[in-house]
Amino acid sequence: MLRRKPTRLELKLDDIEEFESIRKDLESRKKQREDAEVAAAGDEAAAIALGTDHKSREQIINDRIGYKPQPKAGGRAAHFGTFEF
């Protein structure tokens, strides 16, 4: 196997500035996300503590993930189609 001399990488001022701007942007996004999570958790805890909007754990999870279950149709017509007894 042939070996070659290591290449030299130079860090320029533009690279440092770009890195700092991206890092600050990511930190601000992380802080906003954490603030939103804390506010959402506080709202849920306040609603549960006050009992005004009492929901089951399953309903809270469904609301959080955006799942809206449809009620099942009941009665004989739903089970047997158009047949009547």
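**Entry 1: starting at R23**

I began with R23, which counts as partly exposed because its relative accessibility is 35%. For the wording, I use buried for under 20% relative accessible area, exposed for over 50%, and partly exposed for in between (1.4 Å probe, protein chains only). Before going on, I noted that this is a predicted model, where local features need pLDDT of at least 70 and side-chain atom pairs count only at pLDDT 80 or more, while totals for chains, interfaces and linings use all residues. Residues are numbered from 1 along each chain as its sequence is written, and side-chain values use heavy atoms, with hydrogens and water left out.

**Entry 2: the whole chain**

I looked up the elements next. The protein chain has three helices and zero strands, and from the N terminus on they run α-α-α. Helices (H or I, at least four residues) and strands (E, at least two) are DSSP runs, numbered from the N terminus.

How many of the residues count as buried? Of the 85 residues in the protein chain, 2% do. I also wrote down the accessible surface, about 8900 Å², with 56% of it belonging to carbon and sulfur atoms. Those areas come from the Shrake-Rupley method with a 1.4 Å probe, and for residues only the protein chains shown count as cover.

**Entry 3: salt bridges**

I found three salt bridges in the structure. The term means a side-chain nitrogen of Lys or Arg within 4 Å of a carboxyl oxygen of Asp or Glu.

Which residue forms a salt bridge with E20? R23 does, and the closest N and O atoms are 2.5 Å apart. Both residues sit in helix α1, three residues apart, which is about one turn of the helix. E20 is partly exposed, because its relative accessibility is 28%.

R23 also meets the side chain of E27 in a salt bridge, at 3.4 Å from N to O. E27 and R23 are four residues apart in helix α1, so about one helical turn separates them. I have E27 down as partly exposed, since its relative accessible area is 44%. Put together, E20, R23 and E27 are linked in a network of salt bridges.

Then I checked R29, which forms a salt bridge with D25, the closest N and O atoms being 3.4 Å apart. R29 and D25 lie four residues apart in helix α1, so they too are separated by about one helical turn. R29 is partly exposed with a relative accessible area of 48%, and D25 is partly exposed at 35% relative accessibility.

**Entry 4: surface patches**

Patches here are made of residues with over 30% relative accessible area and no salt bridge; like charges are joined within 9 Å, and nonpolar side chains (Val, Leu, Ile, Met, Phe, Trp, Tyr) within 5 Å.

Where is the negative charge gathered? D14, D15, E17 and E18 make a patch of negative charge on the surface. D14 lies in helix α1, residues 13-50. Is D14 buried or exposed? D14 is exposed, because its relative accessible area is 56%.

The nonpolar patch I noted covers about 320 Å² and is made by L11, L13 and I16. L13 is in helix α1, and L13 counts as exposed because its relative accessibility is 58%.

**Entry 5: the record**

Last, I looked at UniProt, where an unreviewed entry places the feature "coiled-coil region" at residues 9-36. I kept in mind that such annotations may be inferred rather than shown by experiment. In the model, the end C-alpha atoms of residues 9-36 lie 40 Å apart, and the span is 86% helix and 0% strand.

How values were computed. Lys, Arg positive; Asp, Glu negative; His and termini not counted. Charge placed at Lys NZ, Arg CZ, Asp CG, Glu CD.
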